[in-house]
Amino acid sequence: MRVTAILLAAGQGTRMRSSTPKVLHPIAGKPMIWHALEAIKQSTNERPVVVVGHGAEAVTKYLEDSAQIVLQEPLLGTGHAVMQAESLLKDKTDLVVVCYSDMPLLRGETLQALVETQKKNKGPISLLTVHSDNPRGFGRIIRNADGTVSSIVEEYVATAEQLQVKELNVGGYCFDANWLWSALRRIPKNHKKGEYYLTDTVELASKDGLSVQATVMDDLEETIGINTRVHLSECEAAMRRRINHQHMLNGVTMIDPASTYIDAGVTIGMDTVIMPNTFIQGKTEIGEGNVIGPNSIIRNSKIGNRCKVLASDLESALLEDDVDMGPFARLRKGAHLGSHVHMGNFGEVKDSHLKEGVKMGHFSYIGNAQIGANTNIGAGTITCNYDGEKKHATEIGEDVFIGSDTMLVAPLKIGNGARTGAGAIVTKNVAEDTLVVGMPARAIKKLERKAKK
Ligand code: UD1
Ligand code: CA
């Protein structure tokens with residue numbers, strides 16, 4: 001059976017007071033509409049249709065090929081919005097799931113259950129409802145004396161008696177496709193706003209004596225819709241709890257989940273401990289047995305196993321296993337720390353590879369550099385990689401000892417086993433096993449390297 005979703009995303013979202021279209025506001029690091037599409041993927045088997053209107057250009061650009069897109073112009077309500085998808089879907093699907101793009105907490109499992117309900121329904125509609133004392137402007141579910149659903153009434157047209165109804169329309173539907181296309185044409189124009197409401201299809205079915213199945217949800221949180229930035233923050237908090245909960249079930253320890261901020265899509269291995277006030281964002285993968293935080297920010301990075309990242313900031317970085325970094329270390333784009341690297345306080349690394357066992361304890365800047373295994377970078381070392389116009393590379397060999405406060409003026413190569421004296425300004429390549437000192441540094445003697453442990 002072909003099941004296709006129509007996601008409504010044309011509304012302006014006026015109450016967000018934003019120049020960004022509502023559905024592109026992020027929740028847990030991904031646009032609101034991404035979450036809706038994820039849930040849809042789980043419950044349908046055809047490419048979804050997204051109805052765009054306000055901010056159509058930006059939304060379309062974001063969606064790329066993930067959906068078929070139709071433009072609604074002008075915006076004449078949710079029923080009118082669904083109508084725009086008819087030409088794309090007529091005779092191409094058996095069931096149609098309709099949901100709103102401002103409900104990022106709605107789960108794929110919930111939509112899946114809705115589709116299953118409709119597969120068994122002899123009538124044309126199944127929909128999601130919830131009982132709540134806080135109506136939040138939702139439509140009210142009106143039932144007949146025998147308990148069957150007769151209509152949905154929007155809050156602003158509801159009578160005093162209807163306003164007392166605690167069963168609310170969540171905004172998730174599954175329709176028999178052929179019935180839907182013909183019913184859309186019969187929706188009456190709403191007099192006050194001149195719009196066509198999708199919710200009026202319920203009354204059409206009921207009056208024709210056809211069955212409308214209402215599934216009552218018990219998780220109120222899932223039904224939070226976003227109209228204002230206050231709702232946005234509520235949703236963010238709920239999504240954060242949900243994401244953290246899943247990681248904990250997967251074997252990740254969180255000392256304080258309430259101050260642990262992990263984006264959707266981040267992966268974390270077993271027995272990793274996340275300390276408080278830590279942000280893990282974007283496309284980040286973290287392995288097993290690490291201790292991350294407190295007070296760390298990790299974006300678009302990959303971390304191996306058994307690393308420690310204390311109070312540090314990582315952006316597009318790669319850590320192999322057993323790396324120990326921080327507090328107050330900063331990795332920028334293209335930083336690659338090999339296994340057993342130690343990076344202490346106030347260091348910065350960009351576009352550089354520190355190979356296995358490199359030690360860089362204090363106050364250094366390493367940019368555009370390759371540093372060989374087991375080399376020691378003394379406190380205050382700087383790769384002077386930028387001459388004001390171009391970046392230049394620094395290549396340091398293995399077992400090198402860079403003395404404190406050395407300035408390495410790139411382009412520069414330092415051979416294996418070489419040493420620089422404290423305060424050296426190195427402007428010329430240094431041969432293997434050579435000690436250089438001074439300003440600019442000059443060779444003073446040939447060294448004998450100790451045998452490796
Ligand atoms: C809608 C429901 C209401 C339900 C509530 C749940 C209708 C008439 N009402 O009300 O019963 O309780 O959601 O959150 O459906 N949209 C378009 N084109 C339009 C109008 C809206 O694409 O012309 C989209 C919006 O972008 C939004 C969704 O449809 O994603 C819902 O529209 P909105 O105006 O937020 O409806 P509500 O008043 O919240
Ligand atoms: Ca809404």
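Is Arg449 buried, exposed or partly exposed? Arg449 is partly exposed, at a relative accessible area of 40%; on this scale buried is under 20%, exposed over 50%, and partly exposed in between, with a 1.4 Å probe and protein chains only.

1. Basis of the note. This is a predicted model, in which local features need pLDDT of at least 70 and side-chain atom pairs count only at pLDDT 80 or more, while totals for chains, interfaces and linings use all residues. Residues are numbered from 1 along each chain as its sequence is written, chains are lettered from A and ligands numbered from 1 in the order in which they are written, and side-chain values use heavy atoms, with hydrogens and water left out.

2. Domains. The domain assignment divides the protein chain into domain 1 (3-223) and domain 2 (229-446); such bounds come from an automatic or database domain assignment. Taken over C-alpha atoms, the centres of domain 1 and domain 2 are 47 Å apart. Contact, meaning heavy atoms within 4.5 Å, involves 18 residues of domain 1 and 14 residues of domain 2.

3. Area between the domains. The size of an interface is often given as the accessible area lost when the parts come together. Between domain 1 and domain 2 the buried area is about 1400 Å², and carbon and sulfur atoms give 56% of it. Buried area here is the accessible area (1.4 Å probe) that two parts lose on being put together, summed over both. Ile27, Ala28 and Leu105 supply 38% of what domain 1 buries against domain 2, more than any other three residues.

4. Polar links between the domains. Two salt bridges are counted between domain 1 and domain 2, a salt bridge being a side-chain nitrogen of Lys or Arg within 4 Å of a carboxyl oxygen of Asp or Glu. Eight residue pairs are in polar contact across the interface of domain 1 and domain 2, both residues at pLDDT 80 or more. A polar contact is a pair of N or O atoms within 3.5 Å; within protein, one must be able to donate a hydrogen and the other to accept it, and residues adjacent in sequence count only if both atoms are side-chain atoms. On the side of domain 1 that touches domain 2, β2 (26-27) and α1 (32-43) each supply at least two residues. The most comes from α1, with three residues. Helices (H or I, at least four residues) and strands (E, at least two) are DSSP runs, numbered from the N terminus.

5. Calcium site. Asp102 (OD) and Asn227 (OD1) coordinate the calcium ion (ligand 2) at 2.8 to 3.1 Å. Asp102 lies in the loop between β6 and α5 (108-120) and Asn227 in the loop between β11 (212-217) and α9, so the pair ties together parts that are 125 residues apart in sequence. Both Asp102 and Asn227 are buried. Donors are N, O and S atoms within 2.8 Å of the metal (3.2 Å for Na, K and Ca), and sites may look incomplete because water is not among the atoms.

6. Thr93. This residue sits in the loop between α4 (86-89) and β6 (95-100). Thr93 is buried, with a relative accessible area of 4%. The Thr93 side chain reaches the backbone oxygen of Arg2 at 3.1 Å and makes a polar contact with the side chain of Thr4 at 2.8 Å. Leaving out residues up to four places away in sequence, Thr93 touches Arg2, Val3, Thr4 and Ala177.

7. Salt bridges in the whole structure. Side chains of opposite charge can pair when their charged atoms come close. The search of the whole structure finds 23 salt bridges. In one of them, Arg185 pairs with Glu86, the closest N and O atoms being 3.0 Å apart. Arg185 is in helix α7 (residues 177-186) and Glu86 in helix α4, 99 residues apart, and the pair links distant parts of the chain. Arg185 is exposed at 56%, whereas Glu86 is buried at 9% relative accessibility.

8. Glu432 and Arg449. The residue of the opening question forms a salt bridge with Glu432, the closest N and O atoms being 3.8 Å apart. Glu432 lies in the loop between β40 (425-426) and β41 (434-438) and Arg449 in the segment after β42 (441-446), so the pair ties together parts that are 17 residues apart in sequence. Glu432 is partly exposed, at 41% relative accessibility. Asp399, Glu432, Asp433 and Arg449 are linked in a network of salt bridges.
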